[in-house]
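Colleague: I have a few minutes to go through this model with you. Can you put it up?

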Amino acid sequence: MTKPLNSLKVLDLSTLLPGPFATMMLADLGAEVLTIQAPDRVDLVRTMPPFDGDLATGYSLLNRGKKSLKLNLKDPSAVALVKTLVADYDIVVEQFRPGVMNRLGLDYETLRAINPGLIYCAITGYGQTGPYRNRAGHDINYLSLSGVASHCGRKAGGPPPMGIQIADIAGGSHHAVMGILAAVIQRQQTGRGVFIDISMTDAAFALNAMAGAAAIAGGTDQKPEQALLNGGSFYDYYQTSDNRWLSIGSLEPQFSKRLLDTLELPKLAELAQSPKAEDQQTLKNALGAKISEHTLGHWQTLFQTQDACVEPVLSIAEAANHPQIKARGLVRDVDRGDGVMQKQIGSPIRFVTEVDPH
């Protein structure tokens, strides 16, 4: 099947994670992506273990489906070559601090003079404006400054270091792709390109969503373990007898009833729908004690036939072998970059021409 972005050509000047993940998504959707790599500066992702052969697994993932060209952008001849390429490309993605591309002579104004239809996406920590525009940062800093970290984790333990890079990917990569695709549609109507300013802090701030609405419009600043979905209710994780974890998300009455009936705790049904913190804590204590009596395998078997929003916490390796993940084909064999096939997480976006009515 022809992929939806087959007509687009992307020039990728980014390194590390946010930009390369965004252009990986575009490549997965069919875009032709050419990555410009500096011969004198090592991309840190390329050196991060583990390795599969001579290649870091993360580097192989982020660069799948892309072509690459080594250019030193401090060399005037390399800059001239990029300008020549831009005339034939639809999109430029870069991840330098504000002002760097101006100094290199590859800023938006210069490049759009060559190609007026150029869509130029700059991904930075804090955006092109504001007092922090030139400040260094990482995912953990963007999550902190945006307020996300303030309502995650436990009261006693403080904010957790996240297992995935939320601001980098959900903030930078995903918002960059959304902005680029919106700009492509706009260009179809106007013939003109645009500069897209993606701040990972901006995007992380927007990800607060429900908690953000409560704080800004409702005057209620959410704290850890105080809200419905961050540990303030029985919607939580519970440890099993073999030190694994079970997730319980049985918020709706029909699900909480099924949960408590299955656990032989039907008398606690009223507590599940109570807004009182003390009632929720009583229920959490009862659930914690009950779940701790048996292994994760026991609870998996018990809830396998119960539609109660109860699932095991799996490792990534376990998730990759789960029947649902396997049925969806999310692990695929991909050329790791040297002709050898490697198992990778595939694109989660599926295009279906015929929908099964069942």
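Colleague: Which residue forms a salt bridge with Arg-64?

Modeller: Asp-28 does, and the closest N and O atoms are 2.8 Å apart. A salt bridge here is a side-chain nitrogen of Lys or Arg within 4 Å of a carboxyl oxygen of Asp or Glu. The pair links distant parts of the chain, 36 residues apart: Asp-28 is in helix α1 and Arg-64 in the loop between α3 (57–62) and β5 (66–70). Helices (H or I, at least four residues) and strands (E, at least two) are DSSP runs, numbered from the N terminus.

Colleague: What sort of model is it, and what was counted?

Modeller: It is a predicted model, where local features need pLDDT of at least 70 and side-chain atom pairs count only at pLDDT 80 or more, while totals for chains, interfaces and linings use all residues. Residues are numbered from 1 along each chain as its sequence is written, and side-chain values use heavy atoms, with hydrogens and water left out.

Colleague: Back to that pair. Is Arg-64 buried or exposed?

Modeller: Arg-64 is buried, at 6% relative accessible area. Asp-28 counts as buried too, at 17%. Buried means under 20% relative accessible area, exposed over 50%, and partly exposed in between (1.4 Å probe, protein chains only).

Colleague: How many residues of α1 are buried?

Modeller: 11 of its 11 residues, so the helix is mostly covered. Among them are Phe-21, Met-24, Met-25 and Leu-26. After α1 comes Gly-30, with a positive phi near 110°.

Colleague: What does Ser-347 touch?

Modeller: Not counting residues up to four places away in sequence, Ser-347 touches Asp-28, Arg-64 and Leu-330. Contact means heavy atoms within 4.5 Å. Ser-347 lies in the segment after β13 (341–345), and its side chain reaches the backbone nitrogen of Ile-349 at 3.3 Å.

Colleague: And what does β13 pair with?

Modeller: Strand β12 (residues 331–335), in the antiparallel sense, over five bridges. Two strands pair if DSSP finds at least two bridges between them. Arg-332 stands opposite Gln-344 in β13. The hairpin has five residues between the strands, and Gly-337 there takes a positive phi near 120°.

Colleague: Which residues are on the covered face of β13?

Modeller: Gln-342 and Gln-344; the uncovered face has Met-341, Lys-343 and Ile-345. In a regular strand the side chains alternate between the two faces of the sheet.

Colleague: Which residue does Arg-336 bridge to?

Modeller: Arg-336 forms a salt bridge with Asp-338, the closest N and O atoms being 2.8 Å apart. Arg-336 is buried at 13% relative accessibility, whereas Asp-338 is partly exposed at 41%.

Colleague: How many salt bridges does the structure hold?

Modeller: 13. Arg-154, Glu-225, Asp-236 and Lys-284 are linked in a network of them. Within that network, the side chains of Asp-236 and Arg-154 meet at 2.9 Å, N to O. Asp-236 lies in strand β9 and Arg-154 in the loop between α7 and α8 (166–190), so the pair ties together parts that are 82 residues apart in sequence. Asp-236 counts as buried at 9%; Arg-154 is partly exposed at 36%.

Colleague: New topic. Where is the cis peptide bond?

Modeller: The cis bond joins Pro-49 and Pro-50, with omega about 5°. Pro-50 is in the loop between α2 (44–47) and β3 (51–52). Most residues other than glycine have a negative phi, and most peptide bonds are trans.

Colleague: Which residues have a positive phi of about 60° although they are not glycine?

Modeller: Leu-16 is one of them, and Glu-264 is another. Leu-16 sits in the loop between β1 (9–12) and α1 (18–28) and is partly exposed at 32%. Glu-264 sits in the loop between α11 (253–262) and α12 (269–272) and is exposed at 63%.

Colleague: Last one: where is Gly-125?

Modeller: In the loop between β7 (119–124) and α7 (139–145). Gly-125 counts as buried, at 10% relative accessibility. Leaving aside neighbours within four places in sequence, Gly-125 is in contact with Tyr-142, Ser-199, Met-200 and Thr-201.

Key:
A polar contact is a pair of N or O atoms within 3.5 Å; within protein, one must be able to donate a hydrogen and the other to accept it, and residues adjacent in sequence count only if both atoms are side-chain atoms.
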